[in-house]
Amino acid sequence: MKISKQKHCIVIGAGIGGMATAVRLAAIGHNVTVLEKNNLPGGKIGQIQRAGFRFDTGPSLFTLPQMVNELLQNDIQNQDKGVKYKKLETVCKYFYEDGTRINAYENPVDFADEIEHQTGEPAQSVLRYLEISRKRYEASADLFIFNPVKRMFRILRQTDWKKFKPLLHINPLQTMHSENSHSFRSPHVVQLFDRYATYNGSSPYLASSVLNVISHLEHNTGAFFPEKGMYSIVENIYQKALELGVKFRFGSEVTGLLRDKNSISGVKTRKEEFFGDAVISDLDINTFYQGVASELKSPFSVKKPDLSSSALIFYWGMGREFPDTDVHNILFSAHYREEFAALFEQGELFRDPTVYLFISSKIVKADAPAGCENWFVMINVPAISKDNQELLKDQARKIIIEKIKRVLKIDPTPHILFEEVTTPRTLQDVTGSYKGALYGNNSNSIRSAFLRHSNHSKKYKNLYFTGGTVHPGGGIPLCLASAAIVAKEIERS
């Protein structure tokens, strides 16, 4: 149903949160203009194409695909639209320094049996853990993910308290690692589930056990992959926005806001001004207040940001195939606690980082020439600080190659046909990530885990926020959830 009063909405940034917000607003009749400093849409979700290879440069895990297709099919004329995807038979393959290997099969029973076979951890312990995660997710999703924080208490009052019973057994003061250590006796399994802290750039030794619910999305609902790669999600949402009449102005970097008492009347770029009834920022929240909105009063979390981790990524065009690897692979550090201390305490490149290896050509054959593979090789590194202005790329490259040699028994060096690199500085310059931090602020405390920046300004009634650095958090599903929240808030205003 069309709305009675059309509004002119300005969206700053064409990341997935910004574009999804634009789609939702245009679908109910609003006039929407998206201003993007880069020449292509996508934000952190980008791609590299070179010499017959294609790389997705941003998020590589696809969960809750129905959220993307619900966005693309939100009017009766487009029920056949959507991103085609496949469910991965193996969610991830885990490699440990002692030679242990675990295949995280998509079926929870098979996954639990694999863990018992490889580590001796009882399969029932794994299934019990996943069932607890499922119940916690189902009890908390509507409360913490799909609604603004300010409506939390209203939802609590209006909902039968029994629905939230699984949440009563959570000790939010307990860390992820502490809970996982009590749930499993195998250090390999503890480390496997601890790694979900990195999904929002945090440490399992500091983040609340509440975040252990993240594992539910991979191991209970499944991991998927688009038939044409992750960037096809961006292409589909962008095309949907165009069909709905959304106007995109690429190469238009917003440099400031236009204020009118307690509202934002518009924005300005280097060349012109744009006026609107609602302004929605898809920028990194720290970048927003440090740059575009530097004249506004910054919230405490921005004045003293506790930043998430960043990343150092090598894109390698490999001249052969490697059958022992899968689409998603983790080569674990043998010194996990020390790795996170280096990230968040010392702010240094760690001597033995966990390596994430993503090979989309395992499932999308067109992403690499015949007989070749496209390797996305990533390690977590600290956000940019005064003490680490230049990450040691050459040193990191050597460390990664030596780890691959030890753990996979492969020397990748002679097979690398070409290489491109993304650093924290690249992330800051290209995607607008403040100091290269992938998720804005981390969740290494109870406060930061629950109180991410809200989707609606308290002072400026027509200023809204979407994307991975505000409520409810980072990753494609949460960015889409933030877009839905903002659209509803604007509709209510």
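## Loops, sheets and a pocket

Me: This is a predicted model. In which loop does Pro472 lie?
Reply: Pro472 lies between two elements, strand E19 (463-465) and helix H16 (476-492). The place of Pro472 is therefore the loop between E19 and H16.

Me: What is the form of the peptide bond from His471 to Pro472?
Reply: Most peptide bonds are trans. The bond from His471 to Pro472 has omega near 5°. Its form is cis.

Me: How many disulfides does a search of the whole structure find?
Reply: A disulfide needs two cysteine sulfur atoms within 2.5 Å. The sulfur of Cys9 has its closest cysteine sulfur in Cys479, at 19 Å, which is too far for a bond. Cys479 is in no disulfide either, with the sulfur of Cys9 as its nearest. The number found is zero.

Me: Is Cys479 buried or exposed?
Reply: The cut-off for buried is under 20% relative accessible area. Cys9, with 0%, is buried. Cys479 has 8% relative accessibility, so Cys479 counts as buried.

Me: Which residue of E2 is the bridge partner of Cys9?
Reply: Strand E1 (residues 8-12) and strand E2 (residues 31-36) run parallel and are joined by five bridges. In E2, the partner of Cys9 is Val32.

Me: Which are the edge strands of the open sheet of five strands?
Reply: The order in this sheet is E9-E2-E1-E13-E19, and the pairing is parallel. Neighbouring strands are turned by 20° against each other on average, direction ignored. The strands that pair on one side only are strand E9 (247-250) and E19.

Me: In the open sheet of three strands, which strands stand at the edges?
Reply: The strands follow the order E10-E11-E12 with antiparallel pairing. Each edge strand has a single partner strand, so one side of each is left without a neighbour in the sheet. These are E10 and strand E12 (273-275).

Me: By what angle are neighbouring strands of the sheet E10-E11-E12 turned against each other on average?
Reply: The pairing in this sheet is antiparallel. The angle is an average with direction ignored, and its value is 30°.

Me: Which residue of E11 is the bridge partner of Leu257?
Reply: Strand E10 (residues 254-260) and strand E11 (residues 263-269) run antiparallel, joined by six bridges. Arg259 stands opposite Ile264 in E11. The bridge partner of Leu257 is Val267.

Me: What phi does Lys261 take?
Reply: Most residues other than glycine have a negative phi. Lys261 sits in the hairpin of E10 and E11, with two residues between the strands. Its phi is positive, near 60°.

Me: Is Lys261 buried or exposed?
Reply: Lys261 lies in the loop between E10 and E11. The cut-off for exposed is over 50% relative accessible area. At 76%, Lys261 therefore counts as exposed.

Me: Is Leu64 buried or exposed?
Reply: Leu64 lies in the loop between strand E4 (53-56) and helix H2 (65-72). Phi of Leu64 is positive, near 45°, in a residue other than glycine. Its relative accessible area is 10%, so Leu64 is buried.

Me: Which residues lie nearest the centre of the second largest pocket?
Reply: About 730 Å³ of space lies in this pocket. Helix H11 (300-303) and E19 each supply at least two residues of its lining. Of the 24 lining residues, those nearest the centre are Pro299, His453, Ser454, His456 and Lys458.

Me: How many residues of the lining of the second largest pocket are nonpolar?
Reply: The lining has 24 residues. Seven are polar and seven are charged, and the number that are nonpolar is ten.

Me: How far apart in space are His177 and Ser208, C-alpha to C-alpha?
Reply: His177 is in helix H6 (residues 176-183) and counts as buried at 17% relative accessibility. Along the sequence, His177 and Ser208 are 31 residues apart. In space, the separation is 8.8 Å.

Me: What separates the C-alpha atoms of Tyr199 and Glu338?
Reply: Tyr199 lies in the loop between helix H7 (187-194) and helix H8 (215-219). With a relative accessible area of 23%, Tyr199 is partly exposed. Tyr199 and Glu338 are 139 residues apart along the chain, and their C-alpha atoms are separated by 18 Å.

Definitions and conventions:
Residues are numbered from 1 along each chain as its sequence is written. This is a predicted model: local features need pLDDT of at least 70, side-chain atom pairs count only at pLDDT 80 or more; totals for chains, interfaces and linings use all residues. Side-chain values use heavy atoms; hydrogens and water are left out. Buried means under 20% relative accessible area, exposed over 50%, partly exposed in between (1.4 Å probe, protein chains only). Two strands pair if DSSP finds at least two bridges between them. Helices (H or I, at least four residues) and strands (E, at least two) are DSSP runs, numbered from the N terminus. Axes are lines fitted to C-alpha atoms, for helices over the stretch in contact, and angles run from 0 to 180 degrees between N-to-C directions. On a 1 Å grid over the protein atoms alone, a cavity is a set of points where a 1.4 Å probe fits but cannot get out, and a pocket is an open set with protein on both sides within 12 Å along at least five of seven lines; lining residues have an atom within 4 Å of a point. Grid points are joined across faces, edges and corners, and a volume is the space filled by probe spheres set on the points. Ala, Val, Leu, Ile, Met, Phe, Trp, Tyr, Cys and Pro count as nonpolar, Asp, Glu, Lys and Arg as charged, and the others, Gly among them, as polar.
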